[in-house]
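User: I would like to go through the labels used for this model and see what each one rests on. Can we take them term by term?

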Amino acid sequence: MVNIKKVLLHHDNAKPHTARTMLQKISEFNWELLPHPAYSPDIAPDVQNELSSFFFASKPESSYSNGIKKLPVRWREIVDSGGKYIID
């Protein structure tokens, strides 16, 4: 997984994640959906390790505080759009 240069998206099958608009955006971004396995307690530590070691460690600390500061504005946009997570 270290040499992968594209986004591999792993999410549960909750309704917002499987909605047509969400799936269209995932396709538009050319992200690859990983199949959601049956409950597997041994996969969680692997995913956590990969995220911690590569994704989160590569981000500057300011990106987290900036993201949190943007949340109220983003939430307002979602409420104003009728609950759409992705606003074109």
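Analyst: Helices (H or I, at least four residues) and strands (E, at least two) are DSSP runs, numbered from the N terminus. By that scheme E77 and R74 both lie in helix α4, residues 61-80. This is a predicted model: local features need pLDDT of at least 70, side-chain atom pairs count only at pLDDT 80 or more, and totals for chains, interfaces and linings use all residues. Residues are numbered from 1 along each chain as its sequence is written, and side-chain values use heavy atoms, with hydrogens and water left out.

User: What makes E77 and R74 a salt bridge?

Analyst: A salt bridge is a side-chain nitrogen of Lys or Arg within 4 Å of a carboxyl oxygen of Asp or Glu. For E77 and R74 the N to O distance is 3.2 Å, so the pair meets the cut-off. The two are three residues apart, about one turn of the helix.

User: Why is E77 called partly exposed?

Analyst: Buried means under 20% relative accessible area, exposed over 50%, and partly exposed in between (1.4 Å probe, protein chains only). E77 has 39% relative accessibility, so it counts as partly exposed. R74, with 30%, is partly exposed too.

User: How many salt bridges does the structure hold?

Analyst: Three. One of them joins R76 and D80, with the closest N and O atoms 3.1 Å apart. Both lie in α4, four residues apart.

User: Which labels do R76 and D80 get for accessibility?

Analyst: R76 is at 48%, so it counts as partly exposed. D80 has a relative accessible area of 56%, so it is exposed.

User: Is K25 buried or exposed?

Analyst: K25 is at 15% relative accessibility, so it counts as buried.

User: How do you know that the span of α4 is close to the expected one?

Analyst: The expected span of a helix is 1.5 Å times one less than its number of residues. α4 has 20 residues, and the expected value is 28 Å. From first C-alpha to last, α4 reaches 30 Å.

User: Where does α4 bend?

Analyst: At L71, by about 40°. The bend at a residue is the angle between axes fitted to the seven residues ending there and the seven starting there. A proline, P72, follows within four residues.

User: What follows α4?

Analyst: G82, whose phi is positive, near 80°.
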